[in-house]
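Q: Please take a close look at one part of this model, the pairing of its aromatic rings, and then place it in its surroundings. How many aromatic pairs does the structure hold?

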Amino acid sequence: MVNNEIRAVFFHMTSLRGNNDWNAIMNVLANHNVSAIVVEGILPTVTVYPSTVAYSTASLDFITPALQYAHPLGIDVYIAMDVLGPGASTTAFMCTEYNGASFNWMNPTNPAVQIYIKALVEELLTKYPQIDGFMYDYMRWMWQSTGGAPPTIDYSTHSKASLENWLGETITSFPGDFAPGGTRFNTFLEWRVSVITQLVADMNTWMREKQSNLKIAAAPWSLIATETDSEIRKFLGQDWQDWAMKGLLDWAAPMSYNNAADLETLFRP
């Protein structure tokens, strides 16, 4: 009988310290039948290991001891990456709002951002070929506010070119009808979904060229409180069920943390 259960513990980057007793931690986890740990290893421009690609790195290497003490106990080690999100090192990496203002969110349509992301994951798997898996986090657009307010990114020249390619037409006025409230805004939002899904597919290809048996997971936005499935797809551009159907994920761990104390009001039946 095959056991498909995964019991995983997530190590947030801010909780990692140089004096961690990794041996004790892993033995406690093994005694509780934990089968995997997920170490938050990469933010958009920060890593928890020495990197020649990232703009800022931790002073210590947290991946090596995780591997050293987890693997002998049969615990898989995944590295999580905040692929997009805030923290761009340069305005050239940022998104553009429909009013022309820069917005601090990594722009997935920018070729320079794509090259940077590829370099990061290839470096990770070159330095640590022993890792068992990779987890996508922040693999989405920014939703500036909840409650149905429309998103306002991305309207850069890079996104205009990507949208034209997706539509198969030349756009003469941009944002124009593609701005929030415009007649083609829903088309713009659908294109945004395709951008995120394509980045997942591209990253899978880049990483599995380095490690063919790498397991791929995701920490997607969950269905909580006031959001609905269609709103999450529409406003975040994150269609992780589609990723799974296309074979781009081995498993997913929808995020379920929230400030609400009453779980009955937090999760819909």
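A: The structure, which is a predicted model, holds 14 aromatic pairs, where rings of Phe, Tyr and Trp (for Trp, its six-membered ring) count as a pair if their centres lie within 6.5 Å, and are called stacked with planes under 30 degrees apart, edge-to-face over 60 and tilted for the rest. In one of them, the rings of Phe93 and Tyr116 have centres 5.6 Å apart and planes at 50°, so this pair is tilted. Phe93 belongs to the loop between β5 (76-82) and β6 (94-96), while Tyr116 is in helix α3 (residues 111-127), so the pair ties together parts that are 23 residues apart in sequence.

Residues are numbered from 1 along each chain as its sequence is written, and side-chain values use heavy atoms, with hydrogens and water left out.

A second pair, Phe185 with Phe188, is stacked, with 6.1 Å from centre to centre and 20° between the planes. Both Phe185 and Phe188 lie in helix α5, 3 residues apart, which is about one turn of the helix. Phe185 is buried at a relative accessible area of 7%, and Phe188 counts as buried at 0%; buried means under 20% relative accessible area, exposed over 50%, and partly exposed in between, with a 1.4 Å probe and protein chains only.

These two rings also belong to a cluster, in which ring pairs link Tyr98, Trp141, Tyr155, Phe174, Phe178, Phe185, Phe188 and Trp191. One member, Phe174, is joined to Pro175 by a cis peptide bond with omega near 10°, and Pro175 lies in the loop between α4 and α5.

Another ring, that of Tyr138, has the charged end of Arg140 sitting over it, 4.9 Å from the ring centre; this description applies if NZ of Lys or CZ of Arg is within 6 Å of the centre and within 35 degrees of the ring normal. Tyr138 is in the loop between β8 and α4, is partly exposed with a relative accessible area of 29%, and has a positive phi of about 50° although it is not a glycine.

Finally, a word on confidence: the protein averages a pLDDT of 87, and 87% of the residues score at least 70. The mean is highest in helix α4 (residues 157-167), at 98, and lowest in helix α8 (residues 263-266), at 43.

Conventions. Predicted model: local features only at pLDDT ≥ 70, side-chain atom pairs only at ≥ 80, totals over all residues. pLDDT = per-residue confidence, 0-100. Helix = DSSP H or I, 4+ residues; strand = E, 2+ residues; numbered from the N terminus.
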